Amino acid sequence: MEKNSKQSEMILNDNLWKIMIRLTLPAMIAMGLHGLNAIFDAIFVGRFVGELGLGGISVAFPLTQISLGFGSMIGGGAGAYLSIAIGKKDKEVQNKILGNVNFLGLIITVFLMIILFLTARPLLSFMGGKGEVLEIALSYYRITVIGTLFWVFSLGYNMIIRAEGKMGKAAIIMAIGLIVNIIANYILMVVFHFGVIGAAWGTNLGMFVYNILQIMYFKSGKTTFQSKVFAIRRDKEIINKIISLGMPQLIMSITALILGIAILNTIGAVGTDYDLAFYGVSFRIMTFLTMILNAFMRSLQPVVGMNFGAKNYNRVISAVKIYILGSLIIIAPLYLMVVLSPQTILGLMFEGPISSENIFNFVIFMSIIPLFTVTMNGMSYFPAIGEAKIASIMPLLRQVILSIPAMIFLPRLFGVDFVYISYFVIDVIIVLIIGVLLLRSFAKLRKMI
């Protein structure tokens with residue numbers, strides 16, 4: 001318990017650059033590994049199944065984010081509330097968190113498994129799947145739905161561990177889950193030739209191990225709070241708080257799914273199976289790079305939450321600025337490596353040369369990444385200070401109000417290239433809006449000092 005108290009004191013008092021490095025480095029490893037799940041699935045499927053397999057998992061991939069979206073809502077909301085409670089030294093709330101997370105998680109998991117399994121085929125058809133690609137997507141997706149319990153709780157629990165500031169512990173657990181996933185993929189796909197079904201079961205197995213390790217951590221008594229991992233509580237106030245603070249995470253996932261439906265249907269209408277596979281691969285690479293930035297977003301949350309709870313408002317403002325700059329410093333070389341050697345990166349999943357047109361689309365798409373340093377840290381900041389409404393509105397603006405009309409009409413008028421061009425232009429607009437909102441929020445905090 002003394003060690004856990006020292007962790008909180010470090011977040012509240014140490015040099016912010018030092019805290020960022022100490023918390024973000026393991027979080028970066030954790031989120032990078034999480035992103036590698038998607039990359040390795042694509043590599044295995046691309047090499048051992050082929051273009052149709054890539055098309056199938058590309059159609060299914062956005063739907064797999066539904067379970068993760070609900071896991072993020074539960075874990076993100078509970079984590080934000082926990083961080084504020086730690087800053088306020090509110091032991092009562094801290095000790096009730098896990099039981100309420102379990103209650104929400106079980107209710108949501110049962111609902112999702114029934115609904116998603118029964119609606120799998122129409123959903124995948126709606127995503128743009130047809131013919132053999134649809135059948136491959138269906139076999140992959142239904143198996144991931146069977147693992148919904150593991151998907152929801154793995155991410156939810158991990159976000160709570162990170163909210164304590166224990167990024168290293170979260171990273172180790174995630175790394176072991178990834179290693180299990182890769183080994184299972186190799187055995188099931190390469191040795192037993194199970195195809196995309198092997199990729200799905202491999203991911204489920206990785207998630208299962210991931211959960212077991214987190215349960216062992218909560219049972220160990222090394223948490224900052226009272227962690228009765230099998231407790232089930234229903235405290236209306238706490239559940240409402242978890243849902244309200246976690247809602248931006250769910251909205252991001254659901255609006256991303258809606259946008260994914262629009263994009264895949266558009267590509268299916270105006271492009272080829274290769275265009276569908278190319279977008280799927282590009283999106284997975286984008287997801288991987290975004291996961292690295294997600295590390296800053298996740299490690300910023302306990303820093304802002306605890307310091308906001310302790311009324312260290314100047315420190316909150318400084319933390320956000322330092323995290324935006326730090327994330328830009330880290331992502332810049334990775335971004336340059338991807339855009340300067342796109343043929344090499346894409347060659348991991350595609351055999352043969354990539355056309356100059358697709359190289360251009362890929363580079364434009366990846367150029368969104370530096371903009372995310374502001375967007376993602378901003379999306380972490382607002383829920384961490386209890387202002388979840390702003391963080392809920394921004395995904396709606398970006399992914400529904402602006403992106404969906406652009407993705408439906410522009411590619412049909414000017415070609416598939418405008419899927420990628422539209423993404424970039426919209427994200428420039430969003431980063432400008434979030435920048436203004438951050439400056440206004442900082443001004444309010446300075447008045448409160």
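This is a predicted model: local features need pLDDT of at least 70, side-chain atom pairs count only at pLDDT 80 or more; totals for chains, interfaces and linings use all residues.
Helices here are DSSP runs of H or I with at least four residues, strands are runs of E with at least two, and both are numbered from the N terminus. Residues are numbered from 1 along each chain as its sequence is written, and side-chain values use heavy atoms, with hydrogens and water left out.

I will start with two loops. K311 sits in the loop between α11 (273-309) and α12 (313-340), and its phi is near 65°, a positive value in a residue other than glycine. Most residues other than glycine have a negative phi. K311 has a relative accessible area of 61% and is therefore exposed, where exposed means over 50%, buried means under 20% and partly exposed lies in between, with a 1.4 Å probe and protein chains only.

H193 counts as exposed because its relative accessibility is 64%. F194 lies in that loop between α8 and α9 as well, but at 42% relative accessibility F194 counts as partly exposed.

F194 also belongs to a nonpolar surface patch of about 1000 Å², whose members include F117, I146, Y186, F192 and W201. The elements that give two or more residues to this patch are α8 (167-191) and α9 (196-219), and α8 gives the most, with 5 residues. For the cut-offs, patches are made of residues with over 30% relative accessible area and no salt bridge, with like charges joined within 9 Å and nonpolar side chains (Val, Leu, Ile, Met, Phe, Trp, Tyr) joined within 5 Å. The accessible areas come from the Shrake-Rupley method with a 1.4 Å probe, and for residues only the protein chains shown count as cover.

Now to helix α4, residues 91-118. Its 28 residues should span 40 Å at 1.5 Å a residue, and its end C-alpha atoms are 42 Å apart, which agrees; the expected span is 1.5 Å times one less than the number of residues. Where is the kink in α4 centred? It is centred on I97 and amounts to about 35°, the bend at a residue being the angle between axes fitted to the seven residues ending there and the seven starting there.

Finally, the salt bridges, each defined as a side-chain nitrogen of Lys or Arg within 4 Å of a carboxyl oxygen of Asp or Glu. By this rule the count comes to 6. In one of them, E135 pairs with R121, the closest N and O atoms being 2.9 Å apart. E135 lies in helix α6 (residues 131-146) and R121 in helix α5 (residues 120-126), so the pair ties together parts that are 14 residues apart in sequence. E135 is partly exposed at 39% relative accessible area, and R121 is partly exposed at 35%.

Which side chain meets R398 in a salt bridge? That of D427 does, at 2.7 Å from N to O. D427 is in helix α17 (residues 417-448) and R398 in helix α16, so this pair ties together parts that are 29 residues apart in sequence. D427 counts as buried at 1% relative accessibility, and R398 is buried with a relative accessible area of 12%.
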